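Q: Can you walk me through this one? I have the file open and want to go part by part.

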Amino acid sequence: MPFIEAAGIAKSFPAGAGVRPVLRGVSLSVERGEFVSIVGAMGSGKSTLLSILAGLTPADEGTMTVDGEPVTGVRTNAAFVFQNYSLLPWFTALENVRLAVEASCPALSRQEQKARAKETLEQVGLGNALNRRPRQLSGGMRQRVAIARAFATDPDLLFMDEPFGALDALTRETLQGELMRLCSSVSQPVTTIMITNSVEEALLLSDRIVPILPGPPATLGAPITVDLPRGRDVALLAHDEQASHVRAHVVATLTAALGNRRPKTTPGVVFTDKEKTKPGLVFP
Amino acid sequence: MKRLLHLLLPLVGVGLALLVWWGASLTVPDLPSPVRTWQESKLYVLEPLAKRGEVDQGIARLAYYSLVRVGQGFLLGAAIGTPVGFLLGVSPLLTRMFDPLMQVMRPISPLAWLPLGLVLFRKSEPAALFAIAVCSMWPTIINTMMGVRAIPQDYWNVARVLRLSRTTTFLKIIVPATLPYMFTGYRLSLGIAWLVIVASEMLTGTPGVGGFLWQEYNSLIYAHILLAILTIGIIGFILDRLMGFAEGKLRTV
């Protein structure tokens with residue numbers, strides 16, 4: 001039985017006098033330990049889908065189970081990484097992480113919680129920034145703290161909403177590497193669902209890529225398996241035949257959905273509706 | 001050069017004000033000139049801690065009485081206003097319920113509350129505290145409420161995804177996020193409390209800067225009225241600056 005099983009998810013939001021449908025007929029199953037990326041343009045309902053899967057927002061229709069149990073709220077053992085870091089500015093890096101440890105393991109003493117937080121922060125290379133506050137850290141360092149906070153609680157389920165979206169290209173690559181390392185180093189397999197607008201990022205990290213087809217209401221396209229061993233390398237991906245095949249497939253699916261615009265399959269394709277221009281093709 | 005100017009310009013302003021005061025004292029016979037005011041007041045300023053009688057005391061001593069009273073009334077107002085602000089901030093229902101009431105009670109003058117306080121408590125001291133607390137708590141309530149409402153969705157998300165308990169959410173997220181707003185409220189409330197103290201001392205005749213002012217008016221020693229006015233202004237200014245400093249510290253955290 002799949003670890004996450006969602007079927008027929010629909011969601012609308014009130015808009016003026018009526019409702020605006022955001023998602024319809026969304027079904028997804030994710031195996032334990034799998035890394036699935038949901039790729040699509042901004043504003044297509046990706047974040048809504050993630051927050052439904054995570055139990056943060058209730059769906060209007062559909063059924064959803066995690067580990068055989070229906071989702072009623074935020075699951076214990078689930079962790080989150082948001083695009084905008086979501087760190088508490090009045091706490092140091094250490095306190096931000098410790099708070100997560102305290103919430104998930106209240107039985108630990110304060111010292112043990114601190115030790116665990118410190119250890120995780122050291123794993124992401126922030127051993128010398130423990131007592132700095134978020135505003136004293138760069139964007140990349142803040143996201144490291146957020147990743148440490150997610151992994152400090154030893155999660156079996158990880159939700160990431162554009163985790164590297166706000167970072168510059170170089171920092172993004174380093175952090176993607178760190179994330180791969182962390183995912184492979186933890187004691188239990190982490191099932192991960194990541195939202196991204198970068199096909200390249202999805203290709204680098206995931207076992208399966210699910211394109212989200214913008215509506216409204218948005219629906220999910222057929223999942224595409226990335227049949228490459230984990231621990232991939234950006235440079236190698238650029239020339240790998242299998243990678244090129246998947247990339248072309250994902251881009252073709254997304255562009256077809258965007259309205260028959262002719263895609264040029266370039267490495268580093270980024271779907272965005274904002275003017276955050278990155279190298280590669282941009283769909284306005 | 002620019003810094004020197006920044007220091008000098010306020011002095012020029014004060015000088016001009018003194019000039020206007022002096023000019024006015026030439027035309028209004030009862031108004032003492034700045035020099036006469038100083039001559040008649042210097043005993044109070046140079047011996048600020050002297051106690052010659054119930055109301056005839058050094059200016060620091062009088063200010064101290066007023067400050068203690070203001071402090072008590074302000075703390076009482078803050079002790080009521082802060083939790084009420086939090087409640088209104090988290091509950092739209094309560095806001096709906098009490099907002100009109102608040103809007104009506106907020107503009108009521110301290111002079112109107114004081115007699116009610118006297119009726120309720122039958123003594124001038126608690127009546128004064130009542131008036132100060134009731135008048136000064138509104139900015140605390142409103143700013144705390146606004147602060148809670150202004151908490152970014154991000155922080156609520158943190159509370160939800162970490163599954164923080166209600167107590168932890170309150171202590172680690174709501175309070176720190178609201179603190180700068182609360183202190184803005186406290187600063188405004190303290191300003192109002194200081195305004196109210198003078199009125200309430202004048203009406204109840206209790207010793208303090210306001211009581212002194214009223215008594216000296218009745219004794220026709222007009223120079224002392226000006227002394228009291230200046231004292232009230234300077235202390236109010238210092239209080240505001242102190243609170244503003246605390247507020248600024250919190251904002252940078």
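What follows is a short exchange on the two chains and how they pack.

A: This is a predicted model, where local features need pLDDT of at least 70, side-chain atom pairs count only at pLDDT 80 or more, and totals for chains, interfaces and linings use all residues. Residues are numbered from 1 along each chain as its sequence is written, while chains are lettered from A and ligands numbered from 1 in the order in which they are written.

Q: How many helices and strands does chain B have?
A: Chain B has 10 helices and 0 strands. Helices (H or I, at least four residues) and strands (E, at least two) are DSSP runs, numbered from the N terminus.

Q: What box do its C-alpha atoms fill?
A: For chain B, roughly 70 × 60 × 30 Å along the principal axes.

Q: And what share of the residues in chain B is buried?
A: Of its 253 residues, 36% are buried. Buried is 20 or more other C-beta atoms within 10 Å of the residue's own, exposed is 12 or fewer, and partly exposed is in between, with C-beta atoms placed from the backbone.

Q: Which residues have the most contacts inside the largest nonpolar core?
A: That core has 129 residues, and those with the most contacts inside it include Leu53(A), Val97(A), Ala131(B) and Ala193(B). Helix 8 (residues 166-204) of chain B gives the largest share, 16 residues. A nonpolar core is a set of buried Ala, Val, Leu, Ile, Met, Phe, Trp, Tyr and Cys residues joined through C-beta atoms within 7 Å.

Q: What does Leu53(A) touch?
A: Leaving out residues up to four places away in sequence, Leu53(A) touches Ile4(A), Ala6(A), Phe159(A) and Ile193(A). Contact means C-beta atoms, placed from the backbone, within 7 Å.

Q: Is helix 1 of chain A mostly covered or exposed?
A: Mostly covered: helix 1 (residues 46-53) of chain A has 7 of its 8 residues buried, among them Lys46(A), Thr48(A) and Leu53(A). The cover includes strand 1 (4-15), strand 2 (18-30) and strand 8 (191-196) of chain A. Gly55(A), with a positive phi near 85 degrees, follows the helix.

Q: Switching to the interface. How many residues from chain A and chain B does the contact take?
A: 12 residues from chain A and 13 residues from chain B. On the chain A side, helix 2 of chain A gives the largest share, 3 residues. That side divides into 9 nonpolar, 3 polar and no charged residues. Nonpolar covers Ala, Val, Leu, Ile, Met, Phe, Trp, Tyr, Cys and Pro, charged covers Asp, Glu, Lys and Arg, and the others, Gly among them, are polar.

Q: At what angle do helix 2 and helix 3 of chain A pack?
A: About 120 degrees, with the axes of helix 2 and helix 3 (residues 110-123) of chain A 8 Å apart. That makes helix 2 of chain A oblique to helix 3 of chain A. Axes are lines fitted to C-alpha atoms, for helices over the stretch in contact, and angles run from 0 to 180 degrees between N-to-C directions. Under 35 degrees is roughly parallel, over 145 roughly antiparallel, 65 to 115 roughly perpendicular, and the rest oblique.

Q: Last topic: what is the phi of Ser86(A)?
A: Near 50 degrees, a positive value in a residue other than glycine. Ser86(A) sits in the loop between strand 6 and helix 2 of chain A and is buried, with 23 other C-beta atoms within 10 Å.

Definitions and conventions: Contact = placed C-beta atoms within 7 Å.
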